[in-house]
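Hi everyone, thanks for coming. Let me put the sequence and the model on the screen, and then we can walk through it together.

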Amino acid sequence: MLPLVALVGRPNVGKSTLFNALTRSRDALVHDAPGVTRDRNYGVCRLDPERPFVLVDTGGIAGQEEGLAGATAKQSRAAAEEADLVLFVVDGREGASALDDAILAWLRKRDRPVLLVVNKIDGIDVQTALNDFARYGFRDRIGVSSSHRTGLDALLADVLARLPEQGETQVLDDDPKRMRVAFIGRPNVGKSTLVNRLLGEERMIASEVPGTTRDSIAADLERDGRKYRLVDTAGIRRKSKVEEAVEKFSIVKTLQAIEECQVAVVMLDAGEGVTEQDASVLGAVLDAGRALVVAVNKWDGQSDYQRGQVEALLGRKLAFVAWAENVRISAKHGSGLRELFRAIHRAHASATKVFSTSEVTRAVEAACEANPPPVVRGHVPKLRFAHPGGENPPTFVVHGTRLKSLSATYQRYLENFFRKRFKLVGTPIRFVFKETE
Ligand code: GDP
Ligand code: GDP
């Protein structure tokens, strides 16, 4: 399971700026795709692609607990109490304040590892800024500038050194051919109804597979002779009191489930269209590069007129994941499930397809022949050869010259060309561009 890191600090120290700096994907094409919504408080840091972790930007902890702030504070406390590591963020320009003292006192009572991050060190004397916080007694104080992106590498190294190692989940899997599927979506879309239907009420209890980490539960499913592992979904877990109280917090579980699965089935409620929260779940799947099927649930409750409206709406709102198939289902009545599983298999097959170097190179040549890269400031980018660079998502490494000048439009063209040529559905695809001499 992905470890959880919480940003804690008083307002205006730069938590959300730091959150953005750490969770921004390196792949601008993926990150800035129009229509993608991202959760402002929960994200995955992939600055080290080998060791992603969930990052939570918490609001207040101490000192501002009335009204709306009170609700925010409750979430922050839950996040900080669950976190594998807390980043206590302070303002290097303003120095230590009474509110910082109060937050630290609160943190001290909790048994979580804490790292002190002194932000806004741009343009000031770093040592002086760090010294101001010496009395807090942290062995290490890390100076960063979130807005200038300085000190982030050192911060990342320190964070990773304190997080548990991962990778146990896969090792635990007895059958590597088992397809790992996650059913995700916001509360009440029908996840438990679907998962229970798939597993059968009794079987569900019997086949819970406790994971290696606390809270991690999977269930195994056999259907039409194929084996699946349903990774940690809210549908499998019996909701605890705490989880119901802090419903928002299941976003962390969702992000963890996305990471563990090969195919993510994002469930929508036909009656509600695509909400902002749905779009941010889809954005998280996109960031993780997972294969995707959209299941539009509660199709049974819709009139023909409503169905027409929903279809039109989906076309527009899901344009940024137009490559994903969407299937209309009723978890309640069990309709559409055959089609759903066909789509899951097509997505999985595309995501794990094996390519040869020669066919990938020929595809690049054909793409350039049909539509050569446009001249950029007097330079023509040249795509020379390519080879496969990994699966789930399919990744293609393209070598050439002046590839930095390849426009986003041309990259999208390449993507669509590859999609058509290799008949890839239900999976994002990635390109890595490498300069050759
Ligand atoms: P939050 O309330 O803790 O989430 O703080 P924000 O991220 O909203 O930042 C508060 C203000 O500090 C904003 O005006 C930011 O632009 C500014 N800020 C954040 N990080 C830095 C930094 O590293 N250097 C400087 N100079 N300003 C920063
Ligand atoms: P979860 O929070 O995503 O696990 O959602 P649940 O499975 O608990 O379902 C939320 C509500 O939606 C329950 O009252 C279900 O009976 C209802 N529901 C789930 N699937 C369907 C469906 O296909 N059609 C209709 N009409 N209702 C459904």
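Let's start with ligand 2: the residues of its shell divide into four nonpolar, nine polar and four charged (Ala, Val, Leu, Ile, Met, Phe, Trp, Tyr, Cys and Pro count as nonpolar, Asp, Glu, Lys and Arg as charged, the others, Gly among them, as polar). Before going on: this is a predicted model, where local features need pLDDT of at least 70 and side-chain atom pairs count only at pLDDT 80 or more, while totals for chains, interfaces and linings use all residues. Residues are numbered from 1 along each chain as its sequence is written, and chains are lettered from A and ligands numbered from 1 in the order in which they are written.

Ligand 2 is surrounded by 17 residues, the closest being Gly190, Lys191, Ser192, Thr193 and Lys332 (near means a C-beta atom, placed from the backbone, within 6 Å). Helix H8, residues 191–199, gives the largest share of that shell, three residues (helices are DSSP runs of H or I with at least four residues, strands runs of E with at least two, numbered from the N terminus).

Around ligand 1 there are 14 residues, with Gly14, Lys15, Ser16, Thr17 and Lys120 the closest. Here helix H1, residues 15–23, supplies the largest share, three residues.

Now, in what order do the six strands of the open sheet run? They go E2-E3-E1-E4-E5-E6, with mixed pairing (two strands pair if DSSP finds at least two bridges between them). E2 (42–45) and E6 (141–143) stand at the edges with a single partner strand each, so one side of each has no neighbour in the sheet. Thanks, all!
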